[in-house]
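The following exercises concern a protein model with its sequence and coordinates.

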Amino acid sequence: MHELSICQNLLEQVEQIAARNHARCATRIVLSIGPLSGVVDPLLRQAFDLLRPGSVAEHADLDIQACPVVVLCTDCDKESEVPINQLVCPHCQRWQTTLVSGDELLLLHIEFLTQDQPENVNHLENAHV
Amino acid sequence: MCKTCGCDSNDHQHKHLPQSAAALKRVDVHTHILQPEEVVADGHRQVFAKDKVLVVNLMSSPGAGKTQLLENTIQALKDELTIAVIEGDLDTENDAQRIRRHGIQAEQITTGTACHLDAAMIASVLPRFSLDNIDILFIENVGNLICPACFDLGQDANVVLLSVPEGDDKPEKYPVMFRAADLMLITKTDYLPIATEFSISRAEHSFRRIGGSAPVLELAAPLDRGMSEWIDWLLFAYANKFSTLSVASSSGHTDTSHATP
């Protein structure tokens, strides 16, 4: 399950960004993950649950935004949302398309508490992934 | 009530609340989740460019013929170019030992339970090579059609093997892997007479419908069939990266992909 390695990279970044911002507690981590990234949402959440205890992300909500698979046809110049394993232009059936979105694996933003006060923020009591 | 900080705790050893309110701060990032890995991979890429090494990452399911392909490639090129290999497997040194029997340096990474190679693992074995004496470094990745495609190793090109016994619909079943290919090699074509359900044109169509734009070559390594086109593609990729190298093509085959990082 490579989601463990991916989550390790994610937490490494979160720790570095927390340190740069003098924050000790992340409350929300927002990701953008496309179907063609090779990463599966439920497995990433499982990996996150395994790895976050004791980290700066221990109490953070993990918000994963899905992206559609969209291609641009190099022939008719139309953009279309397509299935993950059929990146063919639905208008002219050409397979010579460019992927516009769908393979994202991005850390978009992080919300931090600038002081380590998890007991002061009510929603952290219910934080889960 | 605690007289020190005003909280309701009766435990006099509790951590006192600060007097100021907590502040929420949003930090916009917009980086690749694997950015720490990518930094390492980019470091490898710079070293490979400086030492003039073409790095080719071979990926496929287990048993598709990666090691056999390497053995045949070594036989074809060892008098012209210096080749070295990094082998990735969960366990054993079997594949590295096969390569070493050809007089080629092969370093084995045994990943234990990791289903892929990553840039940090490559970093652990790179010091064992004299890279400035190597022309082509092959990385034979862990046999797996899912995970290896996600990890940048600093390679110049991904070559993905699809063997005839696996079936001709694998590209559309594993689009992430096959989309990463700079070359798709259909291997074990010597099985075609008995694997009658496999169609070369369907395999290529399956590759194209997932947006695979790379060339497709066919190979039967034990029979040496298709090897000249594969060697031509390699030499073109090598020449393309190091444009000062002049290489004669053996077959005149020109439909080759640029090696892309």
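**Exercise 1.** How many residues of chain A are in contact with how many residues of chain B?

*Solution.* The model is a predicted one, in which local features need pLDDT of at least 70 and side-chain atom pairs count only at pLDDT 80 or more, while totals for chains, interfaces and linings use all residues. Residues are numbered from 1 along each chain as its sequence is written, chains are lettered from A in the order in which they are written, and side-chain values use heavy atoms, with hydrogens and water left out. Step one is to apply the contact criterion, heavy atoms within 4.5 Å. Step two is the count: 38 residues of chain A meet 37 residues of chain B.

**Exercise 2.** Describe the interface by area, polar pairing and composition.

*Solution.* Begin with the buried area, that is, the accessible area (1.4 Å probe) that two parts lose on being put together, summed over both. Between chain A and chain B it is about 3400 Å², and carbon and sulfur atoms give 60% of this.

Two or more residues each come from α1 (3-20), β1 (25-33) and β6 (105-113) of chain A. The largest share, nine residues, belongs to β6(A).

**Exercise 3.** With which strand of chain B does β6(A) pair, and in which sense?

*Solution.* Strands pair if DSSP finds at least two bridges between them. Here β6(A) and β1 (residues 24-32) of chain B are joined by seven bridges in the antiparallel sense. Within this pairing, A:F112 stands opposite B:K25 of β1(B).

**Exercise 4.** Is B:E107 buried or exposed?

*Solution.* First locate B:E107, in strand β4 (residues 105-110) of chain B. Then apply the scale: buried is under 20% relative accessible area, exposed over 50%, and partly exposed in between (1.4 Å probe, protein chains only). B:E107 counts as buried because its relative accessibility is 14%. Finally, inspect its surroundings: its side chain makes a polar contact with the side chain of B:Q105 at 3.0 Å.

How values were computed
Helix = DSSP H or I, 4+ residues; strand = E, 2+ residues; numbered from the N terminus. Polar contact = N/O pair within 3.5 Å; in protein donor to acceptor, adjacent residues only side chain to side chain.
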